[in-house]
Structures are given as structure tokens and as C-alpha cells.
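The following briefing concerns the structure shown below.

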Amino acid sequence: MADLITEKMINFNLNVKTRDEAIKALAESIDSEGRISDIDTFIEDILKREATCTTAIGFGIATPHAKSAGINTPALAFARLEKPIKWDDESEEISMIFMIGVEQSGADQHLEILASIFRQLVHKKFRDQLNATKSPQDIIDLINKL
């Protein structure tokens, strides 16, 4: 997990009003690290995945993810939102987001990453740590323990 996330892919006060704005902002943070070859394709693949089933998982967290031809290096981005947003018509408001992108040929790597995150998100202590962290390095340290 250590090589999936960088400080530039972490945002503690993301100011967005919609799911699509959040997805675009996190994709841009991944792109800023040179991990995306085609941002439009990546965002489209994330939105296609959202159309099949919401990635709002409870606890005020969403995990948009996709295998995409637009990704050239696996990536994980994280954001805490300045204000919670409605992710979709069925889900609760979201205040934290983990975005995962892997190459189209990445087999089920995105599912392995999701499983690692899910195993910790069910624990209130882990969620509290995510909310309490003050530095991007603290988030990276938490992720590296998964």
C-alpha cells in the first residue's frame, strides 16, 4: 500500500458540492502525480462504476474506484470534505472519500485495495484516526499499516 498514495493525493478540506465534483478533484490529485494517462477516461470509468452501484459504504465514507485505461500507475487518493455532500439518492451524506484507480490490466488489484481499507473502516477507532489526523503523512502512515 505504501506506493499507492502520496501527500499530493490527500486533501483535508475538499470544498465540493456534488459527487461528480469530488470525483474530478480526486482524479486531478492523482493526475498531479503523473499516474493518469487520460483523466477524462479515468473519470468516465469511475462514473460508469458509480452508475452500476453506489460506492457509498456507510460511516459517511465513499470509495469510488475503477480499473481504467486512463491509469498508468495504481493510485489511492483520500479526502475529508469541508462539508458533507449527498453522494447519491439512496446514501447518507459523505464526509470522507477514498478513490482507487488501477490499470485496465490490473486484474483485481482494486478489489484487494478496497478489502484492505474495508477491514479497517468497520472499526470506529480507525475512522476516528482518519478524522483526527492533521498531516498528510499521518494518513500515509495509517494507510501503510493496512
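Is N144 buried, partly exposed or exposed? N144 is partly exposed, with a relative accessible area of 34%; buried means under 20% relative accessible area, exposed over 50%, and partly exposed in between, with a 1.4 Å probe and protein chains only. This is a predicted model, in which local features need pLDDT of at least 70, side-chain atom pairs count only at pLDDT 80 or more, and totals for chains, interfaces and linings use all residues. Residues are numbered from 1 along each chain as its sequence is written, and side-chain values use heavy atoms, with hydrogens and water left out.

**Strand β6 and its partners**

- Strand β6 covers residues 93-103, and eight of its 11 residues are buried, so it is largely enclosed by the rest of the structure. Helices (H or I, at least four residues) and strands (E, at least two) are DSSP runs, numbered from the N terminus.
- Strand β5 (residues 75-86) runs antiparallel to β6, and eight bridges join them; two strands pair if DSSP finds at least two bridges between them.
- A hairpin through six residues connects β5 to β6. Within this pairing, R80 stands opposite M96, and A79 stands opposite I97.
- Strand β4 (residues 65-68) runs parallel to β6, with four bridges between them. Here A66 stands opposite G101 of β6.
- Strand β3 (residues 61-62) is also parallel to β6 and is joined to it by two bridges. The bridge partner of I61 in β6 is M96.
- Strand β5 has a further pairing with β1, in the parallel sense, over three bridges. In that pairing I10 has F78 of β5 as its bridge partner.

**Helix α2**

- Helix α2 (residues 39-52) has 14 residues and reaches 20 Å from its first C-alpha to its last, close to the 20 Å expected at 1.5 Å a residue. The expected span is 1.5 Å times one less than the number of residues in the helix.
- The buried residues of α2 are F42, I43, D45, I46 and E50. They cover an arc of only 160 degrees around the axis, which puts them on the same side of α2; the arc is that of the directions from the helix axis to the C-beta atoms.
- An α-helix has 3.6 residues a turn, so residues three or four places apart point the same way.
- On the other side of α2, D40, A51 and T52 are exposed.
- The buried residues of α2 pack against α1 (19-31), β4 and β6, where contact means heavy atoms within 4.5 Å.
- At the N-terminal end, D38 caps α2: a side-chain oxygen of D38 lies 3.2 Å from the backbone nitrogen of D40. A polar contact is a pair of N or O atoms within 3.5 Å; within protein, one must be able to donate a hydrogen and the other to accept it, and residues adjacent in sequence count only if both atoms are side-chain atoms.

**Nonpolar core and the chain ends**

- The largest nonpolar core has 46 residues, of which I5, I30, F78, W87, F98, M99 and L130 touch the most other members. A nonpolar core is a set of buried Ala, Val, Leu, Ile, Met, Phe, Trp, Tyr and Cys residues joined through side-chain atoms within 4.5 Å.
- Leaving aside its neighbours within four places in sequence, I5 is in contact with I10, L76, F78, I139, I140 and I143.
- T6 lies in the segment before β1 (10-14) and is buried, with a relative accessible area of 16%. Not counting residues up to four places away in sequence, T6 touches E33, R35 and I140.
- N144 belongs to helix α5 (residues 136-144). N144 and L4 are 140 residues apart in sequence and 9.3 Å apart in space, C-alpha to C-alpha.

**Loops around β2**

- T55 is in the loop between α2 and β2 (56-58) and is buried, with a relative accessible area of 2%.
- The contacts of T55, not counting residues up to four places away in sequence, are R49, E50, I61, A62, T63, P64, H65 and W87.
- F59 is in the loop between β2 and β3 and is partly exposed, with a relative accessible area of 44%.
- The phi of F59 is near 60 degrees, a positive value in a residue other than glycine.
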